[in-house]
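Please examine the sequence and the three-dimensional model shown below.

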Amino acid sequence: MTARANYIGLAPKAMQILMNQEAYLREQFRASDTLSTAAWELVKLRVSQINQCAFCIDMHSKDATAQGETPERMLGLSAWHDMPFYSPTERAALDWAEHLTYGRPVDDQKYQNAVNALGEQALVDLTIAVNAINSWNRIAKTFKPEVGSYKPQ
């Protein structure tokens, strides 16, 4: 494969906006009583699976492992509906993430179910997080950073 554009070097201000969004989300999930940073990693991993983003799957599985996530829960994400490994809150988050990632409309009942399960603040943060990982997936699939090169911090 020929080298692709260095998107970080060519659009540093845009990349900084995305990194600032990640910092906001990290802070929100660390402080949340509803959704943890572990749940956030599972959402990022699941959305990356749906989008078939190899770089992001590698990244978020490594980050989740570094945070103590179990292999069973990571491997089970593709069939989370039928796996007993996830809490009701995690299930609500994964359901919302899939719904948005697949581009399905959010009717009043779907919205109210999500608010009831997560609360308004967590739902807003989760929606921003789902938007963010979908954006990162599209960037990575376009510019193809080397899969396997990511090291958790």
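Predicted model: local features only at pLDDT ≥ 70, side-chain atom pairs only at ≥ 80, totals over all residues.

Residues are numbered from 1 along each chain as its sequence is written, and side-chain values use heavy atoms, with hydrogens and water left out.

**Nonpolar cores**

A nonpolar core is a set of buried Ala, Val, Leu, Ile, Met, Phe, Trp, Tyr and Cys residues joined through side-chain atoms within 4.5 Å; buried means under 20% relative accessible area, with a 1.4 Å probe and protein chains only. The largest such core holds 34 residues, and Leu35, Val43, Leu118 and Leu126 touch the most other members. Two or more residues each come from helix 2 (12-31), helix 3, helix 6, helix 7 (108-118) and helix 8 (120-143). Helices here are DSSP runs (H or I, at least four residues), numbered from the N terminus. Helix 8 supplies the largest share, nine residues. Leu35 is in contact (heavy atoms within 4.5 Å) with Phe29, Thr89, Ala93, Leu118, Ala122 and Leu126, its neighbours within four places in sequence being left aside. A second, separate core has six residues, among them Cys56, Met59, Ala140 and Tyr150.

**Helix 3 and helix 6**

Helix 3 (residues 37-50) packs against helix 6 (residues 88-101) at an angle of about 35°, and their axes lie 10 Å apart. Axes are lines fitted to C-alpha atoms over the stretch in contact, and angles run from 0 to 180 degrees between N-to-C directions. From helix 3, Ala39, Leu42, Val43, Arg46, Val47 and Ile50 meet Glu90, Ala93, Leu94, Ala97, Glu98 and Thr101 of helix 6. Val43, in helix 3, touches Ala93, Leu94, Ala97, Leu126 and Val130, not counting residues up to four places away in sequence.

**Cysteines**

A disulfide is a pair of cysteine sulfur atoms within 2.5 Å, and by this rule the count is zero. The sulfur of Cys53 is 3.3 Å from that of Cys56, its closest cysteine sulfur, and this is too far for a bond.

| Residue | Relative accessible area |
|---|---|
| Val43 | 2% |
| Cys53 | 1% |
| Cys56 | 3% |

Terms used:
Buried < 20%, exposed > 50% of the residue type's maximum accessible area, 1.4 Å probe, protein only.
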